[in-house]
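I opened this entry to keep track of what I looked up, item by item.

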Amino acid sequence: MDIQQLLIEKIHRGDRSGAHALLDNWAAEYGYEHIPAEVLDPMLMQLGKEWSSSETFTLAQMYVAAKVTEDVMDKVAHLFTLPGEGKPPKGPVVIGNSEDDFHALGRHLVGTFLRAEGWDVHDLGNDVPATQFVDTAQEVGARVIGVSAMMLTTALHIKKVREEIDRRGLTGLIQLAVGGAVFNVCPGLAEEVGADGTVSNALKAAELFIRLGEQSVRKETGE
Amino acid sequence: MNSMERMQATMAGKPLDRRAVAPVLGLYGARLINCPLERYYSDPFAYARGQAAVREMFQPDVLYAPLAFASIGAAFGGELVHLDTMPPDLRTPAIQSIQQWNTLVPPDPDKHPQLLYFRDTIRLLAAQYGGEVPIVIMIPIPTEIPDMVMGLEGWLETVLFNPTAAQRVMEKIIPFYVRMVNGFFAAGASFVVMPCGFASSAIATRKMVSLFTRPILVNVLAQLNGPVVLQSMGAPMLDHLDLLTDMPQVSAFMVDQTDDLAMARSVIGPDSVLFGGLDCTNIGRMTATQVEERCRAILEERRQDARFVLGTSGPDVAWHTPPENIRALRKAADSFGRVAV
């Protein structure tokens, strides 16, 4: 069985220390610097495929996957001068919870998986007003804003972010990603709040942000 | 039959004049009486007025006491935030780290104003409707209380990676929880609905449920003085439902809208009541006709099920839900007629 599959088994069992031991053994033979590209990335990709819907994983398993990812990033951080484990930087992004939303866990998971993929994540925390999302995105040059919401009422506040992006003439240049439990329950809600994209779990956020970032570039260059 | 008789007959599997209908309309009462939510969730009289309006407008077969889980977190010292169209939430939990549990003293259910609010509301509702309508309160299972005290992330971290500390936390929580819930029964609650987030297949692994959640639940339920309904809290329940059966005091299960009702029935057996229905959020995003059609389909599927109640899954029915959508639940049950099983 390959290292990725062994690691996934540890994650399924919630065995974080077992995952550490596995990674340490692998690194002793091949070197820590190879873990991100040769172990972590394929493992996250495999998990993403496996956890294609909310019925195939638990929040606890997702949390363990995020913690193992963080652990890897901590272990290798000193080996690279660039953020994101030496990968080419993908650029800045802004994430936060919608106005009146105080459920941070999903956002934290998204932040972890985005950082692991090389994004420079600006996390604004809970209960973020629409203007703050867009102000920050403009300040740091982010092409994507990610807004998390758990309840319908807080999800509907995301419309204000959409309106603020449009009001400033940034439609398409700043893309709006949304996520959270309520989007999995309510079909069509992402479109209703004006999102440019959504995914069903945190692990798939990196893929979405890449796609939205590319859409933003196409808008800017007129391709 | 009045609502109390209808619910009792449902529990006994006896014939009914119509199916019992039990949407969660705690929050909706504030909308009906146009009451600011900060007052609604702190003044038992305001809440009781809201439920009087709910009863008058929709005649549900169950009246819910306040569903305000964050208030429990606030009673431990968390900072509460009142919102315009939702129950209060926690801006910041009482503690941030597992070490802080060592010195944390749980609030006194007989003295703390946030907790007395629940009990006083039950008492008011029971005095007004007790013989006519079951009064119910929704309080999460004990393994979820620490989530309200230290936040979900900190609690998940503890349960997953520090099981000894998690058990120590539960040793503090269990006596508090038992006193609080038995106080609700003493005040007049007919039964307590317990959302099982920490037993859901969306949140917890089977190992967590079987080794952590279930043993604690069995211990706590055995100390309670009244019947309990285990509820899905808007997340799939079916995959772990077998781990939640054969427990003391549990007389019913409220499963998620995504759970297959026939399969749920086969897991819980014929003697427990099964609640099922539409998601509390989606019911507000459908038309009344769609609600009625969906409810009729559910009732048709459960036609032979003597112990089935039509309700809503998840927490409160969303604020923006049109009243005609809520009436459509009852209309479906009325048009379906008698249950002669």
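**Helix α5 of chain A**

I began with a pair of helices and found that α5(A) passes α11(A) in a right-handed crossing, where right-handed says that the near helix is turned clockwise from the far one by less than a right angle, and left-handed that the turn is anticlockwise. Helices here are DSSP runs (H or I, at least four residues), numbered from the N terminus. I noted that this is a predicted model, in which local features need pLDDT of at least 70 and side-chain atom pairs count only at pLDDT 80 or more, while totals for chains, interfaces and linings use all residues. I also noted that residues are numbered from 1 along each chain as its sequence is written, and that chains are lettered from A and ligands numbered from 1 in the order in which they are written.

I then looked up the angle between α5(A) and α11(A), residues 205-221, which is about 65 degrees with the axes 8 Å apart; axes are lines fitted to C-alpha atoms, for helices over the stretch in contact, and angles run from 0 to 180 degrees between N-to-C directions. The two helices α5(A) and α11(A) are therefore roughly perpendicular (65 to 115 degrees, against under 35 for roughly parallel, over 145 for roughly antiparallel, and oblique for the rest). In the contact (C-beta atoms, placed from the backbone, within 7 Å), Val110(A), Phe113(A) and Leu114(A) of α5(A) meet Ala205(A), Ala206(A) and Phe209(A) of α11(A).

Among the buried residues of α5(A) are Arg107(A), Phe113(A) and Arg115(A). Just after α5(A), I found Gly118(A) with a positive phi of about 100 degrees.

**Helices α1 and α2 of chain A**

I looked up α1(A), residues 3-12, and α2(A), residues 16-30, whose axes come within 9 Å and cross at roughly 160 degrees. The helices α1(A) and α2(A) are therefore roughly antiparallel to each other, and their crossing is left-handed.

**Where the chains touch**

Last, I noted that the contact takes 21 residues from chain A and 25 residues from chain B. On the side of chain A that touches chain B, the largest share, five residues, comes from α4(A).

Notes. Two residues are in contact if their C-beta atoms, placed from the backbone, lie within 7 Å. A residue is buried if 20 or more other C-beta atoms lie within 10 Å of its own, exposed if 12 or fewer, and partly exposed in between; C-beta atoms are placed from the backbone.
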